[in-house]
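Take a look at the chain below before reading on. The walk-through goes from the overall fold to single residues.

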Amino acid sequence: MKTKKMVFLGLMVGYSLILYILETYIPNPFIVFFPGAKLGLTNIVTLVSLLIFGFKETFIIVTVRVILSSIFAGPISYLLFSVGGAYLSLILMYLVSRVKRFSTVGVSIVGAIGHNIGQLLVASVLVENLLMITYLPFMLVTSLVTGFFVGLVSQFCYSKMGRLTDSFINMR
């Protein structure tokens, strides 16, 4: 792996961790109606990385972010929820991004939905009750809102990265 690319991947991990920490300080308007709902700001970095690098490098970024953010968060259950949500989200965003009909916002919404499904599946396993998945319709409402927001921000960031992204696309 070229040094320039490795540095950029490290920066993307750093950005995602900063967004993760920043998100803990932002008051969440959804928390009253949907406990556990978050904005998902780290998905901005995931989506932009997916657009620039592709699946393999984004998988590395997500893995490092999940491990480090779980260390910051505390209990091992945070790691399990992060793994369930982040990887399902990444896989779905990658698959949907291959379909030309989906915009960046559409890919982001699918990723937000995947993240919620992954976390609810982990919750169902942890509490040994598949009925946890009945919370999904409520979480889908937040997925639409947060996925739309993350998609817009990702689209803006990606378009502003212009020449930088062109040089990295050749490194795939």
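Predicted model: local features only at pLDDT ≥ 70, side-chain atom pairs only at ≥ 80, totals over all residues.

Residues are numbered from 1 along each chain as its sequence is written, and side-chain values use heavy atoms, with hydrogens and water left out.

Start with the whole chain. Its secondary structure comes to 7 helices and 0 strands. Helices (H or I, at least four residues) and strands (E, at least two) are DSSP runs, numbered from the N terminus. Along the sequence the pattern reads α-α-α-α-α-α-α. The chain has 172 residues, and buried residues make up 44% of them. Buried means under 20% relative accessible area, exposed over 50%, and partly exposed in between (1.4 Å probe, protein chains only). Now take the contacts with a separation of 6 or more: residues 24 or more positions apart account for 71% of them. Contact means heavy atoms within 4.5 Å.

Next, helix packing. Two packed helices are described by the angle between their axes and the distance between the axes. Axes are lines fitted to C-alpha atoms, for helices over the stretch in contact, and angles run from 0 to 180 degrees between N-to-C directions. Angles under 35 degrees count as roughly parallel, over 145 as roughly antiparallel, 65 to 115 as roughly perpendicular and the rest as oblique.

Begin with helix α1 (residues 3–25) and helix α3 (residues 55–73). They pack at about 40°, with axes 9 Å apart. That makes α1 oblique to α3. The crossing of α1 and α3 is right-handed. A crossing is right-handed if the near helix is turned clockwise from the far one by less than a right angle, and left-handed if anticlockwise. Lys5, Leu9, Met12, Val13, Ser16, Leu17, Tyr20 and Ile21 are the α1 side of the contact, facing Glu57, Ile61, Val64, Arg65, Leu68, Ser69, Phe72 and Ala73 of α3. By class, this contact of α1 with α3 has 11 nonpolar, 2 polar and 3 charged residues. Ala, Val, Leu, Ile, Met, Phe, Trp, Tyr, Cys and Pro count as nonpolar, Asp, Glu, Lys and Arg as charged, and the others, Gly among them, as polar.

Helix α2 also packs on α3. Their axes come within 8 Å and cross at roughly 160°. α2 and α3 are therefore roughly antiparallel. This crossing, too, is right-handed. Thr42, Val45, Thr46, Ser49 and Leu50 in α2 meet Phe55, Thr58, Ile61, Val62 and Arg65 in α3. The classes here are 5 nonpolar, 4 polar and 1 charged.

α2 (residues 42–52) has another partner, helix α5 (residues 104–126). The angle is about 125°, and the axes are 11 Å apart. α2 and α5 are therefore oblique. Asn43, Leu47 and Leu51 in α2 meet Thr104, Val107, Ser108 and His115 in α5. This contact of α2 with α5 has 3 nonpolar, 4 polar and no charged residues.

How many of the 11 residues of α2 are buried? The count is 10, so α2 is largely enclosed by the rest of the structure. Just after α2, Gly54 takes a positive phi of about 105°.

Now the aromatic rings. Rings of Phe, Tyr and Trp (its six-membered ring) pair if their centres lie within 6.5 Å; planes under 30 degrees apart count as stacked, over 60 as edge-to-face and the rest as tilted. By this rule there are 4 aromatic pairs. Phe8 and Phe53 have ring centres 5.5 Å apart and planes at 55°, so the pair is tilted. Phe8 sits in helix α1 and Phe53 in the loop between α2 and α3, 45 residues apart. Phe8 and Phe53 are buried. Phe59 and Tyr87 have ring centres 5.0 Å apart and planes at 20°, so this pair is stacked. Phe59 lies in helix α3 and Tyr87 in helix α4 (residues 76–97), so the pair ties together parts 28 residues apart in sequence. Phe59 is partly exposed, at 36% relative accessible area. Phe55, Phe59, Tyr87 and Tyr94 form one aromatic cluster.

Two single positions remain. Thr146 lies in helix α6 (residues 136–160) and counts as buried at 7% relative accessibility. Thr146 and Asn43 are 103 residues apart in sequence and 9.9 Å apart in space, C-alpha to C-alpha. Glu128 lies in the loop between α5 and α6. Most residues other than glycine have a negative phi. Glu128 has a positive phi of about 55° although it is not a glycine. At 74% relative accessibility, Glu128 counts as exposed.
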